Amino acid sequence: MGRLEIRWHGRGGQGAVTAAIIVAEAAIFEGKYAQAYPEFGAERRGAPVRAYTRLSDSYIYTRSPITRPDVVVVLDPALGKELYLPGLKEGGALIINTKRSLEEVKKMIGRSDLRYAVVNATDIALETLKRPIVNTAMVGALVKVMKELGLAPSVELDSAIHAIKAVFGDKLGEINAEAAKKAFESVIVG
Amino acid sequence: MMPEVRWRRLPLNANYAVAHAVKDSDVDVVAAYPITPQTTVVEKISEFIANGELDAEMIHVESEHSALSACVGASAAGARVFTATAAQGLELMHEILHIASGLRLPIVMTIATRALSAPISIWCDYSDVMNARDASWVTMFVSSAQEAYDSVIQAFKIAEHPDVLLPVMVAYDGFIMSHTYEPVLVAEDPAPIREFIPKRRDRIVLDPEKPVTMGPIAMPEWYYEIKYQQVEAMKNAYRVVKETIDEFAKRFGRRYPVVETYRLEDAEIGILTYGAIYGTLREAIDIMRSKGMKVGAIKLRLWRPFPYEEVLQAIKHLKLLIVADRAISYGARIAGPVALEIMSLLLYESERPEVMSVVIGIGQRTVTEEDFEQIAKLGAKWLEEKRIPRETIYWGVRGVTYA
C-alpha cells in the first residue's frame with residue numbers, strides 16, 4: 001500500500017495550509033489519491049501552524065491524524081526543532097527553509113537517520129513575490145526532494161504548478177509558479 | 001439509453017463538495033447563517049450565484065432560527081430550498097425543525113457536525129445532529145466528500161417524493177471532513193443531475209390563484225392524525241431512500257447502502273460506527289485481520305428512518321457487536337444513541353449478539369486505528385470472561401481506564 005505522509009510547519013500567514021492543499025491537488029490532478037487538512041483550530045497570524053498531506057496510490061479510508069510523517073517541511077527557520085521533529089519517521093526526510101548550509105542544519109538537528117534538504121525559500125519568495133510568503137517555494141523544494149530521494153507516491157513539478165495556478169489564479173499563479181521552479185532548482189539534498 | 005455522464009475529478013473538501021451538489025441540483029433558494037465549520041458551504045454557494053453558475057436567491061439572515069424560517073417560507077411557496085448549519089446553529093433552529101417537518105416541506109440541510117457548548121468547542125462530534133433525532137427529518141450520516149456530494153443530490157429526490165415530503169438532513173464530520181481536501185467526482189455538466197431530480201409540481205404550495213392555509217392550529221380531534229401521517233411518511237421514506245440509492249447507483253455508478261459492511265461475513269466481533277471514522281475503522285479492521293482477529297465493520301448511513309432490517313441482517317451472526325457512538329445521552333445507562341436504538345431492536349430477536357456501547361471522539365478527541373484495535377481486544381476479553389459491561393464505556397477520557 002503506497003502512501004506518503006507529509007507534515008508542514010510554519011507560522012500563520014506563511015501559507016503552510018495552502019502548501020499542503022497544493023500538493024494534494026497536484027496528486028489528485030495526476031489521478032492519485034490524497035488528503036490535505038490543516039491542524040484544526042483557531043488560526044492566528046504569527047502562531048505556529050501545522051498542516052498535513054497524505055498521498056496514496058489507492059483510495060484513502062483512514063481519517064486518523066498523521067503522527068508519524070515520512071516528510072517534514074519547515075517553512076519558518078525560526079521555529080524550534082522541538083516543534084517539528086517529534087514523530088518524524090526513522091529514515092524520514094526533513095526539508096527546511098534556511099540560509100544555513102546542509103552541514104550546519106545536520107549538526108543543529110543531530111539525527112543521523114534522516115535525509116536532509118535545505119533551500120533559501122525566503123530569498124526566493126522576496127525575489128519573485130516581493131513578500132516573504134514561502135509556501136509555493138517549499139512546494140517546489142518538496143517536489144524535487146521526492147524525486148531525488150525516490151519517495152513515492154510523489155507529484156511532478158508540472159502538476160504542482162498546475163495546482164498552484166488553480167489556487168492562485170493567473171497573475172499570482174505565474175509568480176508563485178516561478179517561486180516553486182526556483183526552489184525546485186536550488187534545493188540542496190543530502 | 002441515457003447519455004454517459006462525464007465527471008471532473010476535483011480536489012474538494014466536504015463543504016465545497018456540498019456546495020457543488022447544491023449548484024448541480026439547481027436549488028432555487030438558500031438561506032443560511034455562518035457558523036464554523038459550516039461557513040464555507042454557503043460562501044462557495046454565494047460564489048456560484050455571483051458567477052452566474054447557479055440561478056438562486058440567497059437570503060442573508062440574522063440567525064439560524066431565521067435561516068430555517070426563511071427556508072420554510074420559500075419551500076412552502078414551492079421553491080427547492082437548501083440550508084446548512086452546525087452545533088449551536090442547529091440548536092437554535094430546533095423549534096423550526098419540527099415546523100418544517102410538520103408542514104411536510106422538502107427542505108435539504110447539511111450539518112458539518114460539531115460538539116455543543118458549553119464549554120465552547122468548535123470541533124467535531126455528533127451531539128448536534130443526535131439532538132435533532134425526534135424532529136422527523138430523514139437523516140443520513142456520510143463518510144466522504146464524494147458521498148456528501150452524492151447524498152445531497154439523493155436528498156432532494158427523497159425529500160420531494162410525494163410519498164415522503166419530509167425534510168432531509170445530511171450530516172458529516174466538522175473539520176475531519178468539512179476541511180479535508182480529497183478527490184471528488186463532480187458532474188462536468190449539471191444537466192444529467194438535474195434530469196435525475198426534476199422539479200416536481202405535485203405538492204400543495206402557497207399560490208394566490210389557489211389559496212391554502214398552512215400551519216393553522218390543529219384541535220385535539222385532528223392533531224394526532226396529522227402527526228400519524230408523519231409516522232407513515234417516515235415508513236415510506238425507508239422504502240424511498242433505498243429506491244433512490246438503487247436509481248442513483250444505476251444512473252451514476254456509485255452505491256451507498258443504508259448499512260454498509262466490511263469483512264463482516266465470517267466475523268465474530270463487529271464494530272459499528274458512522275461518519276468519517278468509519279474509514280479509520282475499515283483500516284483498523286485490515287490491521288486486526290492481519291493479526292488473526294475475526295472482526296468486521298458496519299457503517300450506519302441512514303439514521304432516520306432507522307434501517308432496522310439491514311442492521312439486524314448484518315449483525316445477527318455476531319458474538320459481539322460493539323457500537324461506537326459519537327454523542328452522549330446524559331444520564332442514560334446506555335448513553336450512545338445508536339447503541340440504544342439497536343439494543344431495543346434486539347429485544348425481539350431470539351438469536352442476538354452481545355452488545356457493547358462505546359462513546360468515542362467527543363469534542364474531536366482523536367480516534368485512531370489503534371483505538372479500535374484496543375476496544376476490540378477489550379470486547380473480546382470481556383466476551384470470553386462473560387462480563388460485557390451493562391453500561392456505556394467512555395473511551396479516551398483521561399483518568400478513566402477499563403480492564
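1. A handy starting definition: two strands pair if DSSP finds at least two bridges between them. Please keep in mind as you read that this is a predicted model.

2. Let's begin with the sheet in chain B. Seven strands make up this open sheet, and their order is β3-β2-β4-β5-β7-β6-β12 (chain B), with mixed pairing. At the edges you will find β3 (57–60) and β12 (302–304) of chain B; each has a single partner strand, so one side of each is left without a neighbour in the sheet. From one strand to the next, the twist averages 20 degrees. As background, the strands of a sheet pair through backbone hydrogen bonds, either parallel or antiparallel.

3. Now zoom in on one pair. Strand β2 (residues 29–32) of chain B and strand β4 (residues 81–85) of chain B run parallel and are joined by two bridges. If you want a place to look, B:Val29 has B:Val81 in β4(B) as its bridge partner. Packed on the sheet is helix α2 (residues 39–51) of chain B, which touches β2, β3, β4 and β5 (108–113) of chain B. The direction of this helix makes about 145 degrees with that of β2(B).

4. How do the two chains meet? In the contact between them, 16 residues come from chain A and 20 residues from chain B. On the side of chain A that touches chain B, α1 (16–29) and β2 (33–38) of chain A each supply at least two residues. The largest share of that side, six residues, belongs to β2(A). Sorted by class, the side of chain A that touches chain B holds eleven nonpolar, three polar and two charged residues.

5. Next, the largest nonpolar core. It has 202 residues, and A:Val23 and A:Ala141 touch the most other members. Helix α1(A) gives the largest share of this core, twelve residues. Domain 1 (7–252) and domain 2 (259–394) of chain B both contribute residues to this core, so it lies between them. In soluble globular proteins, nonpolar side chains tend to be buried together.

6. Which residues surround A:Ala141, leaving aside its neighbours within four places in sequence? A:Ala141 is in contact with A:Ile95, A:Ala117, A:Val119, A:Ala121, A:Ala183, A:Phe184 and A:Val187.

7. Finally, have a look at B:Tyr308, in helix α10 (residues 308–315) of chain B. Is B:Tyr308 buried or partly exposed? B:Tyr308 is partly exposed, because it has 15 other C-beta atoms within 10 Å, while a buried residue would have 20 or more. B:Tyr308 and B:Glu341 are 33 residues apart in sequence, and their C-alpha atoms are 9.2 Å apart in space.

Key:
Residues numbered from 1 in each chain as written. Chains lettered and ligands numbered in written order. Predicted model: local features only at pLDDT ≥ 70, side-chain atom pairs only at ≥ 80, totals over all residues. Helix = DSSP H or I, 4+ residues; strand = E, 2+ residues; numbered from the N terminus. Axes fitted to C-alpha atoms, helices over the stretch in contact; angles between N-to-C directions. Contact = placed C-beta atoms within 7 Å. Nonpolar A, V, L, I, M, F, W, Y, C, P; charged D, E, K, R; others polar. Core = buried A, V, L, I, M, F, W, Y, C linked by C-beta atoms within 7 Å. Buried ≥ 20, exposed ≤ 12 C-beta atoms within 10 Å, placed from the backbone. Domains from an automatic or database assignment.
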